[in-house]
Amino acid sequence: MKINIKYFGMIAETTGKNEEILEVNEGMSTVELKDRQIKTYQIADPESVQLAVNHNLNTEVELKEGDEVAFLPPFAGG
């Protein structure tokens with residue numbers, strides 16, 4: 001199945017791209033996807049990377065065909 005991945009901030013700089021379409025196995029979870037992409041691109045500080053699936057933050061779900069997954073860098077606040 002195909003999913004659309006978007007990268008933001010320092011993650012986009014590390015990967016060298018803003019988005020890509022990936023072919024993944026049916027039943028892949030967001031946790032598995034995050035681990036895969038962190039290893040593939042050697043993303044620094046993986047604990048601070050958040051995922052949003054179809055604009056929903058902190059979603060640990062099984063991915064579906066056509067899902068949009070955003071890899072978000074740490075947020076600064078104050």
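The legends below describe close-up views of a predicted model. Local features are given at pLDDT of at least 70 and side-chain atom pairs at pLDDT 80 or more, while totals for chains, interfaces and linings use all residues. Residues are numbered from 1 along each chain as its sequence is written, and side-chain values use heavy atoms, with hydrogens and water left out.

View 1. Thr-30 lies in helix 2, which covers residues 30-41 (helices are DSSP runs of H or I with at least four residues, strands are runs of E with at least two, and both are numbered from the N terminus). Because its relative accessibility is 2%, Thr-30 counts as buried (buried is under 20% relative accessible area, exposed over 50%, and partly exposed in between, with a 1.4 Å probe and protein chains only). Apart from neighbours within four places in sequence, Thr-30 is in contact with Leu-51, Val-53, Thr-59, Glu-60, Val-61 and Leu-63, where contact means heavy atoms within 4.5 Å.

**View 2. Tyr-7 with Tyr-41.** Rings of Phe, Tyr and Trp (its six-membered ring) pair if their centres lie within 6.5 Å, and planes under 30 degrees apart count as stacked, over 60 as edge-to-face and the rest as tilted; by this rule there are two aromatic pairs. Tyr-7 and Tyr-41 form an edge-to-face pair, at 5.9 Å centre to centre and with 75° between the planes. Tyr-7 belongs to strand 1 (residues 2-7) and Tyr-41 to helix 2, 34 residues apart, and both Tyr-7 and Tyr-41 are buried.

**View 3. Tyr-7 with Phe-71.** Tyr-7 and Phe-71 form a tilted pair, at 5.5 Å centre to centre and with 45° between the planes. Since Tyr-7 lies in strand 1 and Phe-71 in strand 5 (residues 68-72), the pair ties together parts that are 64 residues apart in sequence. Phe-71 counts as buried because its relative accessibility is 0%. Tyr-7, Tyr-41 and Phe-71 form one aromatic cluster.
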